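Here's a quick briefing to read alongside the model. Have the sequence and the 3D view open as you go through it.

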Amino acid sequence: MAKITYDGIEIEVPDGTTIMNAARQLDGKLAPPAMCYYTPLKGSGGKCRACLVRVAAGSAKDPRPMPKLVASCITPVQDGMVVENNSSPQVLEVRKGIVEMLLINHPLDCPVCDQAGECSLQDFAFEHGLSTTRYEEERRTFDKVDIGPLIQLHMTRCILCYRCVYTADQLTDGRVHGVLGRGDASEIGTYIENIIDNDFSGNVIDVCPVGALTDKTWRFKQRVWFTKPVNAHRDCETDQCAGRVTLWYKGPEVLRVTGRKDENGEVKEWICNTCRFDKKETTDWTIEGPAPVDRSSVVSANHYELPVLNQQVIADMPASTVRELAQNPPLKLGGLNG
Ligand code: SF4
Ligand code: FES
């Protein structure tokens with residue numbers, strides 16, 4: 001075990017834990033922001049620099065500070081390490097620069113972007129960025145591309161985090177897309193004119209931190225804060241598909257289906273394209289109840305109204321959940337049938 005001090009708080013974690021994961025064990029809200037690291041994806045992290053922290057003491061054996069800020073998502077802790085995140089003015093200052101850099105080529109199209117309201121870059125810029133830009137040069141622009149039958153790529157918005165590449169590598173047999181070109185000519189693309197159509201390819205949409213990869217069955221249907229996320233499951237026959245999802249309702253209509261995310265905004269279990277794109281009827285699913293939404297999310301500003309629930313689903317719910325649904329004014333047991 002290694003004992004570290006993180007922003008003045010002591011925590012003990014197993015050897016080999018990264019600074020990011022140690023901070024998340026302490027409290028996800030105190031952890032550094034992450035734009036490229038994604039726990040379920042091996043090899044992710046180290047690309048975006050959003051998570052830089054200051055190591056004020058390297059270890060008990062060698063308490064010298066590290067000379068430069070380090071990426072917390074790929075730096076393992078050492079016993080006696082002292083880490084500064086929000087307590088370091090240098091980190092906060094550098095983070096402003098990272099936001100500025102990530103926004104160099106990113107368009108300001110949040111008002112028309114499907115990711116708005118659940119975009120990691122939007123949150124990152126809001127929490128750590130400046131309200132002005134010094135950038136005067138021309139931005140890179142790209143045409144939208146249908147990178148798969150149901151997935152559209154807006155390369156203009158991509159921050160080259162590599163998450164979609166690792167997802168395709170680790171979930172599908174035979175990745176057909178990747179980062180082509182080098183330096184400022186790098187871009188996500190398929191080689192050559194291939195399309196992404198593997199059974200699990202839809203997961204690239206869930207891992208994309210920005211609106212670069214979008215679900216064509218959901219595009220422009222609704223702003224996410226007008227929808228109501230509800231957890232549901234089905235007995236999916238596709239091997240390795242969890243069948244446990246979040247349904248995003250507008251009224252009685254399921255507008256999209258996504259994988260469920262944890263408190264760090266990472267997908268808990270991968271789902272197949274059939275569950276994601278083809279099962280858009282409430283009758284396809286067993287409804288479990290409202291999906292937990294972070295209080296700070298714009299989605300939580302909305303009110304829940306449960307869609308049709310049959311008596312069996314209610315009978316299977318813990319009594320405390322039923323009580324809460326009945327008592328909590330925003331949660332209504334609406335549209336009961338059967
Ligand atoms: S398309 Fe999205 S997930 Fe893929 S590299 Fe770009 S920002 Fe990351
Ligand atoms: S989250 Fe650590 S470098 Fe991107």
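**A hairpin to start with**

Asp-7 takes a positive phi near 50° in the hairpin of strand 1 and strand 2, where two residues sit between the strands. Bear in mind that this is a predicted model: local features need pLDDT of at least 70, side-chain atom pairs count only at pLDDT 80 or more, and totals for chains, interfaces and linings use all residues. Residues are numbered from 1 along each chain as its sequence is written, while chains are lettered from A and ligands numbered from 1 in the order in which they are written.

**The whole chain**

- The protein chain has eight helices and 14 strands; these are DSSP runs numbered from the N terminus, with helices being H or I of at least four residues and strands being E of at least two.
- With a radius of gyration of 21 Å, close to the 20 Å that the globule rule gives for 338 residues, the protein chain is as compact as a globular protein of that length. That radius is taken over C-alpha atoms, and the rule is 2.2 Å times the number of residues to the power 0.38.
- Along the principal axes, the C-alpha atoms of the protein chain fill a box of roughly 70 × 50 × 40 Å.

- Five strands make an open sheet in the order 2-1-5-3-4, with mixed pairing (two strands pair if DSSP finds at least two bridges between them).
- Strand 2 (9-13) and strand 4 (70-71) are at the edges with a single partner strand each, so one side of each has no neighbour in the sheet.
- Strand 1 and strand 2 run antiparallel and are joined by five bridges; Ala-2 has Val-13 as its bridge partner in strand 2.
- Strand 1 and strand 5 run parallel, joined by two bridges, and Tyr-6 stands opposite Val-83 in strand 5.
- Strand 3 (residues 52-57) and strand 4 run antiparallel with two bridges joining them; Val-53 finds its bridge partner, Val-70, in strand 4.

**Helices on that sheet**

- Helix 1 (residues 19-26) lies across strand 1 (2-6), strand 2, strand 3 and strand 5 (82-84), and runs at about 110° to strand 2.
- Helix 2 (residues 89-102) packs on the sheet too, touching strand 3 and strand 5, and its direction makes about 160° with that of strand 3.
- For these angles, axes are lines fitted to C-alpha atoms, for helices over the stretch in contact, and values run from 0 to 180 degrees between N-to-C directions.

- Another open sheet has four strands in the order 13-12-11-14, with antiparallel pairing.
- Strand 13 (253-259) and strand 14 (286-290) are at its edges, each with a single partner strand, so one side of each is left without a neighbour.
- From one strand to the next, the twist averages 35°.
- Strand 12 (residues 244-250) pairs with strand 13 over six bridges in the antiparallel sense, and Trp-248 has Arg-256 as its bridge partner in strand 13.

**Domains**

- The domain assignment gives domain 1 (2-90), domain 2 (110-132 + 140-215) and domain 3 (224-327); the bounds come from an automatic or database assignment.
- Between domain 1 and domain 2, the C-alpha centres lie 27 Å apart.
- 11 residues of domain 1 are in contact with 14 residues of domain 2 (contact: C-beta atoms, placed from the backbone, within 7 Å).

**Around the ligand**

- Ligand 1 is surrounded by 14 residues, the closest being Cys-158, Cys-161, Cys-164, Cys-208 and Ala-212 (near: C-beta atom, placed from the backbone, within 6 Å).

Technical notes: Contact = placed C-beta atoms within 7 Å.
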